[in-house]
Amino acid sequence: MYNMINNLKKIMAARKISSLALAEKIGITTAAMSRIMTGKSNPSLENTIKIAKELGVSVSYLIGEAPSPSENTLSITCPHCGEQISLSIEE
């Protein structure tokens, strides 16, 4: 759970999304989101999937089971099929 909370906070900061906005987008209360963010409760599998999709990361990365994506790679979720798409960013 600790990895998930840290990853969640990092991703939210990088995407400039607040816990209030994320809670609204995935359909949970702000109180429920607060409990998740502080580690007082675990999100359901359904909500974990919703969080990952909304943030454009895999569930594996969100929960700390997959390595951090490269800084030169952007991972997004296809809005049509739900598949993860990795894009290389060239400078």
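N47 touches I26 and I28, leaving aside residues up to four places away in sequence; contact here means heavy atoms within 4.5 Å. N47 sits in helix α4, residues 45–55. Helices (H or I, at least four residues) and strands (E, at least two) are DSSP runs, numbered from the N terminus. With a relative accessibility of 16%, N47 counts as buried. The classes are buried under 20% relative accessible area, exposed over 50%, and partly exposed in between (1.4 Å probe, protein chains only).

This is a predicted model: local features need pLDDT of at least 70, side-chain atom pairs count only at pLDDT 80 or more, and totals for chains, interfaces and linings use all residues. Residues are numbered from 1 along each chain as its sequence is written, and side-chain values use heavy atoms, with hydrogens and water left out.

Confidence comes next. pLDDT is the predictor's confidence in each residue, from 0 to 100. The chain has a mean pLDDT of 85, and 85% of its residues reach 70 or more. Confidence is highest in α2, at 96, and lowest in strand β1 (residues 73–77), at a mean of 70.

Now the charged pairs. Side chains of opposite charge can pair when their charged atoms come close. A salt bridge puts a side-chain nitrogen of Lys or Arg within 4 Å of a carboxyl oxygen of Asp or Glu. The structure holds two of these salt bridges. One joins the side chains of E54 and K25, at 3.7 Å from N to O. This pair links distant parts of the chain: E54 is in helix α4, K25 is in helix α2, and they are 29 residues apart. E54 is partly exposed, at 33%, while K25 is exposed, at 53%.

E46 forms a salt bridge with K50, and their closest N and O atoms are 3.4 Å apart. Both residues lie in helix α4, four residues apart, about one turn of the helix. E46 counts as exposed because its relative accessible area is 52%. K50, at 33%, is partly exposed.

Next, the loop between α1 (2–14) and α2 (19–26), where K16 is placed. Phi of K16 is near 55°, a positive value in a residue other than glycine. K16 is exposed, with 77% relative accessible area.

Last, the surface. I76, I85 and L87 form a nonpolar patch there, with about 210 Å² of accessible area together. Patches are made of residues with over 30% relative accessible area and no salt bridge; like charges are joined within 9 Å, nonpolar side chains (Val, Leu, Ile, Met, Phe, Trp, Tyr) within 5 Å. I76 belongs to strand β1 and is partly exposed, at 34%.

Technical notes
Areas by Shrake-Rupley, 256 points an atom, 1.4 Å probe, with all protein chains shown as cover.
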